Amino acid sequence: MANTDKANRPNRLSTVVSKVNKLPVAWRAKALSLVMGRVIPFAGTAGTRVEKLTPQECVIVMRNKKKVQNHIGSVHAAAMGLLAESATGFMTGMSVPDDRIIVIRSMQLEYLKRASGDMKAVASFSDEQLDYVKNTEKGDIEVPVVITDGSGTETVKATMVWAWTPKKK
């Protein structure tokens, strides 16, 4: 187990998000999206919009625009994978202390039905999961994410497994 004192200190990402959250409400989502688009350029290229980001919850929206569409006009399956990975990864990234590095270990996506409109991904940690991520020096965690379409219908059921290890010195 890690030093609890170190685990309870905000990491660099959560410090940046905290500063963004001091902006006027109308600017926060755009600012968060720009920051996260710089951290993960592919998410920025796809036009993901970070609506909410805390150590326990991440909400990301992807508009159904031409650049992310498949041949039938809905959001491409790979773009939904990006949405799921981003929501779970951003949240996990806020929780892992700076002396560790996170990587995705696996992705499981089950496409339940054809999506219509914009897509929304919601990932969350329980208090126990958050404590585990912060206080376990090396480990992994299964993070479920719910993806819904513009009508609010769950179209993709996804689970991402994130792993972390101490950074090499």
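The model is predicted, so local features are taken where pLDDT is at least 70, side-chain atom pairs count only at pLDDT 80 or more, and totals for chains, interfaces and linings use all residues. Residues are numbered from 1 along each chain as its sequence is written, and side-chain values use heavy atoms, with hydrogens and water left out.

**Stop 1: the largest pocket**

Start by selecting Leu-13, Val-39, Gly-89, Gly-93 and Ile-102, which of the 21 lining residues are the closest to the centre of the largest pocket. The volume of this pocket is about 510 Å³. A pocket here is an open set of points, on a 1 Å grid over the protein atoms alone, where a 1.4 Å probe fits and protein lies on both sides within 12 Å along at least five of seven lines; lining residues have an atom within 4 Å of a point. Grid points are joined across faces, edges and corners, and the volume is the space filled by probe spheres set on the points.

Next, colour helix H2 (12-20), helix H3 (25-39), helix H5 (77-95) and strand E3 (100-111), the elements that give two or more residues to this lining. Helices (H or I, at least four residues) and strands (E, at least two) are DSSP runs, numbered from the N terminus. Which element gives the largest share of the lining? Select H5, which supplies six residues.

Now colour the lining by class: 12 residues are nonpolar, four polar and five charged. For these classes, Ala, Val, Leu, Ile, Met, Phe, Trp, Tyr, Cys and Pro count as nonpolar, Asp, Glu, Lys and Arg as charged, and the others, Gly among them, as polar.

**Stop 2: the second largest pocket**

Move on to Lys-30, Ser-33, Gly-47, Thr-48 and Arg-49, which lie nearest the centre of the second largest pocket, among its 11 lining residues. The space in this pocket is about 230 Å³. H3, helix H4 (41-46) and strand E1 (48-54) each contribute at least two lining residues, and H3 has the largest share, with three. By class, the lining of the second largest pocket holds two nonpolar, four polar and five charged residues.

**Stop 3: salt bridges**

Side chains of opposite charge can pair when their charged atoms come close. The structure holds five salt bridges, each being a side-chain nitrogen of Lys or Arg within 4 Å of a carboxyl oxygen of Asp or Glu. Here are three of them to visit.

Select Glu-57 and Lys-52 to see a salt bridge with an N to O distance of 2.6 Å. Glu-57 is partly exposed at 23% relative accessibility, and Lys-52 is partly exposed at 37%. In these terms, buried means under 20% relative accessible area, exposed over 50%, and partly exposed in between (1.4 Å probe, protein chains only).

Then pick Arg-105 and Asp-140, whose closest N and O atoms are 2.5 Å apart in a salt bridge. This pair links distant parts of the chain, with Arg-105 in strand E3 and Asp-140 in strand E5, 35 residues apart. Arg-105 counts as exposed because its relative accessibility is 55%, whereas Asp-140, at 33%, counts as partly exposed.

For the third, select Asp-99 and Arg-100, which form a salt bridge with their closest N and O atoms 3.6 Å apart. Asp-99 is partly exposed, with a relative accessible area of 30%.

**Stop 4: Arg-100 again**

Keep Arg-100 selected; this residue sits in strand E3. Is Arg-100 buried or exposed? Arg-100 counts as buried because its relative accessible area is 5%.

**Stop 5: Asp-149**

Finish in the loop between strand E5 (139-148) and strand E6 (154-166), where Asp-149 is found. Asp-149 is buried yet has no salt bridge. What is the nearest side chain of opposite charge? Select Lys-113, which is 6.7 Å away; Lys and Arg count as positive and Asp and Glu as negative, while His and the chain ends are not counted. Finally, show Ser-116, whose backbone nitrogen lies 3.2 Å from a polar atom of the Asp-149 side chain.

How values were computed
Polar contact = N/O pair within 3.5 Å; in protein donor to acceptor, adjacent residues only side chain to side chain.
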